[in-house]
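These are my notebook entries on one protein model. I set down each point that I looked up, together with the rule behind it.

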Amino acid sequence: MLKTEESQGGEKERRTRQRTSTSCTECKRRKQKCNQAKDRPCYNCARRFPPVECRYTEPKPKKQRTKLERLVELNHDQLSSSGSGAGYSGVGVVGVVGVVASRIPTKSGSGSDDISRPSIKKEKGIESNISHIFQIDESFIHDPSVEALRSWPGSGVNNIQVGNDQIAPLASLPIEATRRNAELFHFFLQKLSPFMSSLDGTDAVPEFNKHWIPFMIQSPLLVYISVLTSSYFQAMARRIDVETSVDAMTARVKLITLINEHITTHSKGVDDEAIGAVMSLAYNELVYADKRSVIAHLNGLREMIRSRGGLENIKFRQLRIMMMRTDFQVACTFEAEPIVHGPQEPVFAIETDHVEFESPFLPTKARFIDFADELGISAGTATVLDDMRFVTNSILSLSKSDEQGKARLKFRATVQWIHDRLSSSEAETHDQNDFIYQTCRATAILYTSVILARTPISVAGANPLPMKVWMTMWRVPLSRWKKIPAIFFWVLLVINPITRDRPEGRFVKGMFAAATMAIALIEWDTAAAILKNFMTVQKWLGGSDVAYTPSENVPPPSGAAAHARKDEVLLLT
């Protein structure tokens with residue numbers, strides 16, 4: 001309480017002081033602590049979805065009661081509204097991104113953008129030295145003897161020092177030429193971009209480097225995706241939450257600001273650049289952020305594409321492939337329908353010209369046992385894969401017929417027979433040093449387990465099998481998986497829903513994207529068929545009946561399933 005003295009008689013009178021709120025109106029309404037950014041949206045408002053206007057109100061002057069009282073004035077800074085935009089506006093895409101963005105002021109003396117929030121931790125030594133940022137925690141792997149990890153960009157990175165001669169070229173690109181931007185940009189080009197279409201970061205698909213990378217670095221929007229991706233990755237490698245990383249938050253807000261400005265002020269509005277930027281932002285959020293922001297971005301992306309007249313009006317092939325990859329990957333990760341492309345039907349009839357693209361989710365006429373030597377896999381591995389193809393085709397072929405109950409009993413008996421055979425001690429001790437076989441075997445046991453229980457794959461998280469798959473797959477170098485990308489893709493598809501919220505999930509998501517691109521850039525239809533059939537299996541595991549008629553091209557059972565007792569096997573022919 002504040003007290004004033006009367007000038008006559010010394011009598012004291014109690015009065016209350018006027019408390020002036022320096023918080024923004026939204027934080028005050030929600031009773032949240034506001035960091036009072038003043039010249040831009042506060043930290044809370046910058047993260048709200050849907051976006052809201054961050055405003056500050058002037059206090060009403062207190063009315064003087066008597067001449068004997070003096071007014072107690074509270075010192076406060078003058079508050080003014082920044083007038084920033086709120087989310088994607090126009091073209092029917094309001095609320096694509098759940099962040100209100102305004103231009104981040106340049107930090108004095110640093111030559112780079114910064115966000116002044118007390119809770120954000122500044123990465124030490126990041127300005128000139130980026131050594132040892134990839135030291136992946138061995139607890140993620142639970143097996144210190146796994147040396148195959150070294151083939152990922154997770155280690156072995158030398159110091160990256162950016163001098164003035166490397167900052168200068170940025171002046172010719174649509175990006176602010178600062179030292180930090182140069183470090184992140186070069187880091188993306190040298191260390192991360194090779195893994196966008198290659199499992200081991202070498203010999204990327206020429207079409208990708210020829211078309212997508214130039215499109216990225218020449219776009220005023222997509223060039224900041226390289227900065228955002230590098231910021232996210234480096235924060236993760238340093239065990240820093242991306243929400244408290246200066247580089248990550250600065251890059252995110254900068255990118256969203258540019259997208260807002262581009263859509264609302266650019267003459268072309270929703271063009272390939274805007275679509276590519278939102279799509280890439282959604283993928284980064286999938287790997288490093290949370291589900292809510294990913295879904296928000298994809299919902300907005302769907303509206304953007306509708307404003308263009310549909311997917312058929314997106315003529316840039318690489319962009320369409322990247323959108324399919326991101327949309328289908330999100331659907332596979334969260335076991336839901338694709339948001340942009342909508343519900344998908346399985347593919348029964350398809351042939352591939354590349355044996356390395358053969359997958360248990362691809363219903364071709366060929367059998368793995370017939371080209372095991374060409375793939376460099378053992379007969380035991382080929383048998384496991386043929387069995388898994390048979391199981392997948394059986395799920396796709398189950399229909400709502402009068403014989404449905406009987407057919408499902410036969411199907412379950414066959415899957416149980418395969419599962420018991422793979423779980424036997426004989427199968428466990430077979431080819432113990434063949435880690436491709438051990439990985440496929442562990443994946444097959446996990447796959448048949450969820451089929452027998454008919455539960456979503458993500459429910460198997462408490463099962464020790466996912467960790468068994470994770471430990472054995474690391475014993476195979478990525479350069480070896482690269483030669484059989486579809487088999488590795490099958491492994492990733494099965495464990496992806498389980499690891500989505502785990503530390504190792506970031507690697508799985510990264511390899512998922514690379515495997516998709518490695519196949520899709522060469523055979524788009526093959527990659528799409530694999531993903532569509534897997535999503536159909538996920539739907540069936542979730543309790544939805546598959547009401548499709550199998551094609552004549554569905555191959556007959558092979559491997560172990562072909563040797564099961566005929567009265568227990570669901571024959572597809």
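**Entry 1: the whole chain**

What percentage of the 573 residues in the protein do buried residues make up? I found that buried residues make up 55% of them. I took buried to mean under 20% relative accessible area, exposed over 50%, and partly exposed in between, with a 1.4 Å probe and protein chains only.

I note that this is a predicted model, in which local features need pLDDT of at least 70 and side-chain atom pairs count only at pLDDT 80 or more, while totals for chains, interfaces and linings use all residues. Residues are numbered from 1 along each chain as its sequence is written, and side-chain values use heavy atoms, with hydrogens and water left out.

I then looked up the secondary structure, which comes to 20 helices and two strands. Helices (H or I, at least four residues) and strands (E, at least two) are DSSP runs, numbered from the N terminus.

I also looked up contacts, meaning heavy atoms within 4.5 Å. Of the contacts between residues at least 6 apart in sequence, 71% join residues at least 24 apart.

**Entry 2: helix 8**

How far apart are the end C-alpha atoms of helix 8? I read a distance of 24 Å for this helix, residues 272–288. The expected span of a helix is 1.5 Å times one less than its number of residues. For the 17 residues of helix 8 that rule gives 24 Å, so the two values agree.

I recorded that 15 of the 17 residues of helix 8 are buried, so the helix is largely enclosed by the rest of the structure. Glu285 lies in this helix. Glu285 counts as buried because its relative accessible area is 4%. Leaving out residues up to four places away in sequence, I found that Glu285 touches Tyr232, Arg252, Asp290, Ser293, Val294 and His297.

**Entry 3: the largest cavity**

On a 1 Å grid over the protein atoms alone, a cavity is a set of points where a 1.4 Å probe fits but cannot get out, and lining residues have an atom within 4 Å of a point. Grid points are joined across faces, edges and corners, and a volume is the space filled by probe spheres set on the points.

How many cavities of 30 Å³ or more are there? The count comes to seven. The largest cavity holds about 420 Å³ of space. I found 26 residues in its lining, and Leu192, Met196, Thr229, Tyr283 and Gly510 lie nearest its centre. Two or more lining residues come from each of helix 4 (179–192), helix 5 (206–218), helix 6 (223–237), helix 8, helix 10 (317–334) and helix 19 (505–520). Helix 19 gives the largest share, six residues.

By class, I recorded 19 nonpolar, four polar and three charged residues in this lining. Ala, Val, Leu, Ile, Met, Phe, Trp, Tyr, Cys and Pro count as nonpolar, Asp, Glu, Lys and Arg as charged, and the others, Gly among them, as polar.

**Entry 4: cysteines**

A disulfide is a covalent bond between the sulfur atoms of two cysteines.

Cys34 is buried, at 8% relative accessibility. Cys332 is also buried, with a relative accessible area of 0%.

**Entry 5: loops**

I looked up Thr352 in the loop between helix 10 and helix 11 (372–375). Thr352 counts as buried, at 12% relative accessibility. Beyond residues up to four places away in sequence, Thr352 touches Phe357, Glu358, Leu362, Glu523 and Thr526.

Most residues other than glycine have a negative phi. Glu335, in the loop between helix 10 and helix 11, has a positive phi, near 55°. Glu335 is partly exposed, at 24% relative accessibility. Arg454, in the loop between helix 15 (435–453) and helix 16 (465–473), has a positive phi near 45°. Arg454 is partly exposed, at 25%.

**Entry 6: helix 16**

Which residues of helix 16 are buried? I listed Leu465, Pro466, Val469, Trp470, Thr472 and Met473. Their cover includes helix 15, helix 17, helix 18 (485–499) and helix 19.

Methods
On a 1 Å grid over the protein atoms alone, a cavity is a set of points where a 1.4 Å probe fits but cannot get out, and a pocket is an open set with protein on both sides within 12 Å along at least five of seven lines; lining residues have an atom within 4 Å of a point.
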